[in-house]
Every structure is written in C-alpha cells, then in structure tokens.
Amino acid sequence: MRILIYSYNYHPEPIGIAPLMTELAEGLVKRGHQVRVVTAMPNYPERQIYEDYKGKFFLTEYKNGVKIQRCYVWIRPQPKLIDRVLLDASFVVNSFFPALMDWRPDVILTTSPSLPACIPSTLLGWLHACPVVLNLQDILPEAAVHVGLLKNKFLIRLFSKLEKFAYGSATKISVIADGFVDNLLEKHVPANKMVQIPNWVDVNFIRPFKKEGNYFREKNNLNGKFVVLYSGNIALTQGLETVIKAAAKLKEIKDIAFVIVGEASGLERLRQECTNCGADNVLLLPFQPRKDLPQMLAAADVGLVVQKKNVISFNMPSKIQVLLASGRAIVASVPDNGTAARAIRQSGGGIVAPPEDPQELANAVLDLYEHPEKVKTLGYNSRKFATEQYSFEQALKNYESLFYSVTADRETINPAIASKQEV
C-alpha cells in the first residue's frame with residue numbers, strides 16, 4: 001500500500017507528535033508499505049529552523065525507508081498572532097506542491113495539530129480519489145481557546161469552521177482517548193466515523209533500566225538522590241512553576257532532587273523562578289539526544305506529568321505512555337476529571353494530585369520518598385500497563401487495519417478507483 005503521512009512535525013524533532021509519526025512511518029515501511037511524509041523544516045520546540053535545514057525552501061530526504069518531503073515554513077521564536085497565521089498559511093501552501101508532485105497514495109493520514117493541514121490533505125484526497133484519515137492529537141481551536149492561546153474572535157470563528165470542515169471531509173477520524181470521542185459526539189460527528197487508537201510507546205526502546213551505573217545520574221551528580229524528573233515541553237499548558245514551588249518546599253531534604261529537561265527558552269523562565277523561590281534543589285537541563293532518552297528516564301525515581309487547571313479535560317499528554325514504559329512511579333499534577341488523570345488511575349502506576357497546588361505536589365513526592373516499596377509497586381504497575389495497553393506493535397496493526405478498511409470501503413463504493421490507484 002502507498003501511504004502518505006501529512007504531518008507538520010517529524011524527525012528529528014525530539015518531542016510531541018514528531019517521534020510518534022516517525023515511528024509509525026518507519027513501522028509501516030517494515031511491514032512492506034511504501035511511505036512518504038510531507039512535513040515542515042524541523043523547528044520544534046525552539047521555534048527556529050534547525051541549522052542543517054536553514055536556507056532551504058524544499059528538501060527531500062530518506063530515512064529508514066521513508067521518503068521525507070520538507071518545505072519552508074514561516075517560524076519565529078516568540079510568535080505574535082500574525083506569525084502564527086503565517087506559519088499555518090506557509091505550511092498549507094508550501095507543502096501542497098511536493099505532496100502533489102509525487103506518486104499517488106492509496107490513503108492519506110493527516111495529523112492535527114496542525115489543523116489547517118486538513119486543507120491540502122483533503123484536496124489531495126479529492127484529486128487522487130483516495131481516503132483521508134484525520135489523526136486527532138488535540139482538538140482545535142477548543143483547546144487553544146480554553147488556555148488563552150487563541151483570543152481573536154475572527155480566528156476562533158475561522159478555526160471553528162475549519163474544524164467542522166476537517167471532521168466532515170475526513171473518511172475516518174482516529175482519536176487517542178475516549179475523551180475525544182465524547183467531545184466529537186457532542187459536535188454531531190457520527191460514532192461510526194471514529195476509531196480510537198491510543199498513542200503508543202516502543203516498549204523495546206523505553207525500558208526500566210537499573211539506576212545503578214546510570215550514566216545520566218553520574219553525569220549530573222545525582223547518585224544517591226531521590227530523583228523527580230520532568231521532561232518535555234515547557235509551555236503555558238504545563239505551569240511548571242508549580243514544580244519549582246513544590247521543590248522549594250522540600251529543599252531541606254537534601255536527598256530529593258528535581259530535574260527539569262526542556263527547551264532553552266522555557267528553562268530561562270524557570271531559572272528565574274528557581275531564584276525567586278530559593279529552589280536550589282532543581283536541576284535545569286536542555287533536551288537530551290533521543291538515543292539517551294531511556295537512560296534519562298531510568299535515572300528517575302518518579303516521573304512528573306503537569307498540567308494547569310484550565311487545560312481542557314480531553315488533553316492526553318503523550319509523555320504518559322513513555323513514563324509508564326520506563327517502569328517508574330508517576331505523580332500527575334493534572335485536572336481530576338481529565339483524560340490524563342483517568343489514564344494514570346487506570347494504569348495503577350501513579351498518584352494524581354490537584355493541578356497548580358505546590359503543597360499537594362510536594363506532599364505526593366514526599367510520600368513516595370518515605371515509602372520506597374510504594375515506588376517500586378507503582379513502577380511495576382506502570383511497566384505492566386504500558387506493555388499490555390500501549391505497545392507500538394498493537395498500534396501499528398490497528399493503523400494498518402484502519403488503512404486497509406478505508407481503502408476497501410472506497411473501492412467497494414467505486415470500483416473504478418482501484419484501477420485509478422495504479423496510475
């Protein structure tokens with residue numbers, strides 16, 4: 001099968017959708033499919049085009065059997081409203097040409113975010129008479145409005161119409177959690193149009209290595225410490241100031257060390273917060289190479305998931321699956337009624353604490369520090385749940401089955417399409 005993946009984010013970006021789409025594309029190639037990816041020049045999370053890709057408008061690469069077609073996008077480190085509009089517009093326009101001028105796909109998978117990517121992917125679906133599967137990693141503009149990232153009334157109306165268009169034009173919609181299903185049902189999206197496929201983790205890559213002899217601990221003078229680790233995006237939706245304030249409340253316990261790994265711009269803001277709070281037990285580090293991710297996660301006793309109160313209930317951070325696979329206890333400072341809290345409780349691998357409450361977060365960490373057997377039990381449950389519910393092989397099979405089903409349905413409706421796909 002010829003599969004076109006339309007995703008703004010892709011390798012070598014280290015977090016978010018990029019690793020997921022990279023693993024999916026390469027996994028499909030290993031299963032015998034022909035895959036190409038239309039994407040932007042890598043720029044996330046620093047919001048700057050990576051050095052090796054600067055000055056290029058179009059670029060074609062090959063990695064592990066996947067053809068990667070990149071295009072220039074308008075990107076600024078501290079974007080204003082017009083910059084965000086130009087970013088989406090530049091990807092919509094510039095990505096369409098390399099996507100069109102290549103082999104005809106049997107099926108198109110497009111990811112949201114970026115929601116505007118549904119425009120060129122839908123147009124390609126019409127031109128090639130092939131089904132389009134919309135993969136929802138977040139629900140826009142609702143999520144952006146809820147946390148105050150999108151306030152312009154005109155753009156809210158525009159994105160709302162775009163959301164309706166995306167749902168209406170997609171052949172199928174793959175969602176990553178049951179909260180998404182509930183949200184879309186309220187928007188009158190037919191239940192039979194949705195397929196729930198959770199995000200996955202490569203449980204062979206992310207494994208519960210021993211802390212003894214761990215290079216990340218040795219490199220950062222963490223041996224003998226009870227390490228509480230956050231690794232990921234540092235944005236408005238996380239509210240990592242809560243972690244800094246919780247760390248300050250535990251700074252008298254010298255055995256507890258907080259480690260935050262993220263993008264440089266976010267770390268600068270947190271560094272000032274550490275100074276303000278006197279949190280000298282917080283270590284701020286830049287993103288580590290992906291190959292070192294398993295060792296970094298294994299260096300922790302506890303992994304953190306952090307969200308603000310106003311994060312919309314269906315939000316499901318992809319880091320949850322990764323932390324579960326690492327076999328570490330989790331403390332989730334997240335809304336109690338949200339998808340993230342439900343996932344943590346179902347796993348049996350973590351504790352849910354109220355969001356934006358430094359004292360409750362500190363209490364949860366202290367409780368685990370004082371009860372090492374509880375940490376061990378939660379870690380065991382984490383790993384077990386990840387291997388049973390979030391394995392990459394299962395997700396890969398589910399996507400492959402979905403692609404086969406939509407192409408079979410399309411050919412049943414119009415047998416002429418089958419011969420047209422051979423062109």
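In this predicted model, Ser326 is buried, with a relative accessible area of 1%; buried denotes under 20% relative accessible area, exposed over 50% and partly exposed the range in between, with a 1.4 Å probe and protein chains only. Ser326 belongs to the loop that joins helix H11 (319–325) to strand E13 (329–333), where helices (H or I, at least four residues) and strands (E, at least two) are DSSP runs numbered from the N terminus. A polar atom of the Ser326 side chain lies 2.6 Å from the backbone oxygen of Leu323. Not counting residues up to four places away in sequence, Ser326 touches Ile206, Arg207, Pro208 and Leu297, contact being defined as heavy atoms within 4.5 Å.

Residues are numbered from 1 along each chain as its sequence is written, and side-chain values use heavy atoms, with hydrogens and water left out. Because the model is predicted, local features need pLDDT of at least 70 and side-chain atom pairs count only at pLDDT 80 or more, whereas totals for chains, interfaces and linings use all residues.

E13 and E14 pair in the parallel sense over four bridges, and Ser333 stands opposite Ala353 in E14.

Gln288 is located in the loop between strand E11 (282–286) and helix H10 (293–298). This residue is buried, with a relative accessible area of 17%. The backbone oxygen of Pro286 is 2.7 Å from a polar atom of the Gln288 side chain. With neighbours within four places in sequence left aside, Gln288 is in contact with Tyr215, Phe216, Lys219, Val261 and Met296.

An open sheet of eight strands has mixed pairing and the order E3-E4-E2-E1-E5-E6-E7-E8. Strand E3 (58–63) and strand E8 (194–196) stand at its edges with a single partner strand each, so one side of each is left without a neighbour in the sheet. The twist averages 20° from one strand to the next. Strand E1 (residues 2–6) pairs with strand E2 (residues 34–40) in the parallel sense over five bridges, with Ile3 opposite Val35 in E2. Helix H6 (residues 178–186) packs on this sheet, touching strand E6 (132–136), strand E7 (172–175) and E8, and its direction makes about 165° with that of E8.

The largest nonpolar core holds 56 residues, of which Leu136, Tyr167, Ile173, Phe180, Leu184 and Val259 touch the most other members; such a core is a set of buried Ala, Val, Leu, Ile, Met, Phe, Trp, Tyr and Cys residues joined through side-chain atoms within 4.5 Å. Helix H5 (residues 153–169) gives the most to this core, with five residues. Beyond its neighbours within four places in sequence, Phe180 is in contact with Leu136, Gln137, Asp138, Ile139, Val175 and Phe314. A second, separate core of 33 residues includes Ala247, Ile256, Leu284 and Ala364.

Note on methods
Polar contact = N/O pair within 3.5 Å; in protein donor to acceptor, adjacent residues only side chain to side chain. Pairing = 2+ DSSP bridges. Axes fitted to C-alpha atoms, helices over the stretch in contact; angles between N-to-C directions.
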